[in-house]
Amino acid sequence: MYIRVLGSAAGGGFPQWNCCGPVSLAAWRGSPTAARGTQSSLAVSADGRRWVLVNASPDIRQQILASDFLHPRPRDGLRSSPIKAVVLTNADVDHVAGLLSLRERQAFSIYASARVLDVLAENSIFGVLDPSVVDRLPMSLDRPVRLADHGSDLGLTIEAFAVPGKVALYLERADAADFGSQAGDTIGLKVGTADGRSFFYVPACARVDEALLARLDGAGLVLFDGTLYRDDEMIRQGLLDKTGRRMGHISIGGDEGSMAALARANIERRVFIHINTSNPVLDTGSAEHRAVREAGWEIAYDGMELDLR
Ligand code: MLT
Ligand code: MN
């Protein structure tokens, strides 16, 4: 299975357009220790020819330009693309806005939970994806689905499972419990091939509970929410009056962080992804970067290849 990180950064990218906090500033200045990153997306393929995007980021055009395996090939026709399907893990802007760049009457299939498909249906701008050529397929929780594009099997199976989280920021309801969040608003994915290889992708997660721990135990590869290092880092850096908890993201460090929680799971290769512009792990010279590496974690970067063979 071919697995490529198209975008390693969280919503806003690294550096975020309006941020000059200490971590962002290193990236704006072109520091060799702070490589820039585009917004959260993966490309996965069973055969290296037909690709599935997991989330479609606002930076998708830049990501396609940087990835020759996603370029159209003349032998496939004057209008064609190796992108055959897009799987969505939630309705966050950084995960759905790229769909708008996949217009131009190109056929492909979208897979998402019923909750996320409702968001697309309610926002008429997504009608630019002509329903006569772009399928929108519901993904049930805890039931593996074989991915296909208009009947053509893509050789990949995905299983969606609910993880602790919350509804997308722009859908929050101040008057409702948990801002109106429901199961299926944030999901993790197990992506597998027919020959039994698989990995987990969990780009947003508010808490590592026992169910998630049990699910990830024994995994060969896990890509996990690395949004913040410290719950209050954006407040401390004077950027935004919001904690990671309030945003629905568990932090990496600390006693209640994901590094400590997932140390209890047997995972061969563990990679943080969806990393916010305030997170010091983005600077390879930082103490936090060193701490994460010493704990056996890797930090995703744009173009990272994680193929399982
Ligand atoms: C998130 O991951 O929390 C969202 O992408 C935030 C946002 O929509 O800006
Ligand atoms: Mn996000």
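The largest pocket holds about 970 Å³ of space, a volume being the space filled by probe spheres set on grid points that are joined across faces, edges and corners. Here a pocket is an open set of points on a 1 Å grid over the protein atoms alone, where a 1.4 Å probe fits and protein lies on both sides within 12 Å along at least five of seven lines. Welcome to a predicted model, in which local features need pLDDT of at least 70, side-chain atom pairs count only at pLDDT 80 or more, and totals for chains, interfaces and linings use all residues. Residues are numbered from 1 along each chain as its sequence is written, ligands are numbered from 1 in the order in which they are written, and side-chain values use heavy atoms, leaving out hydrogens and water.

**The largest pocket**

- Its lining is made up of 46 residues, with Asp92, Lys166, Ala168, Leu169 and Tyr170 nearest the centre; a lining residue has an atom within 4 Å of a point.
- Helices α3 (93–96), α4 (114–122) and α7 (244–247) each give at least two residues to this lining, helices being DSSP runs (H or I) of at least four residues, numbered from the N terminus.
- The top contributor is α4, with five residues.
- Sorted by class, the lining has 18 nonpolar, 17 polar and eleven charged residues; Asp, Glu, Lys and Arg count as charged, Ala, Val, Leu, Ile, Met, Phe, Trp, Tyr, Cys and Pro as nonpolar, and the others, Gly among them, as polar.

**Ligand 1**

- Ligand 1 sits in the largest pocket, meaning that more than half of its atoms lie within 2 Å of the pocket's grid points.
- Around ligand 1 are Asp92, Asp94, Met247, His249 and His274, each with a heavy atom within 4 Å of it.
- This shell consists of one nonpolar, two polar and two charged residues.
- Oxygen atoms of ligand 1 lie 3.0 Å from a polar side-chain atom of Asp94 and 3.2 Å from one of Asp92.
- An N or O atom in the side chain of His274 is 3.2 Å from an oxygen atom of ligand 1.
- On its own, ligand 1 has 270 Å² of accessible area, and the protein covers 74% of it (Shrake-Rupley method, 1.4 Å probe).

**The second largest pocket**

- This pocket contains about 510 Å³ of space.
- It is lined by 17 residues, and Ile64, Ser80, Ser81, Ser101 and Leu102 are the closest to its centre.
- Helix α2 (residues 60–65) gives the most to this lining, with four residues.
- The lining of the second largest pocket divides into nine nonpolar, four polar and four charged residues.

Conventions. Polar contact = N/O pair within 3.5 Å; in protein donor to acceptor, adjacent residues only side chain to side chain.
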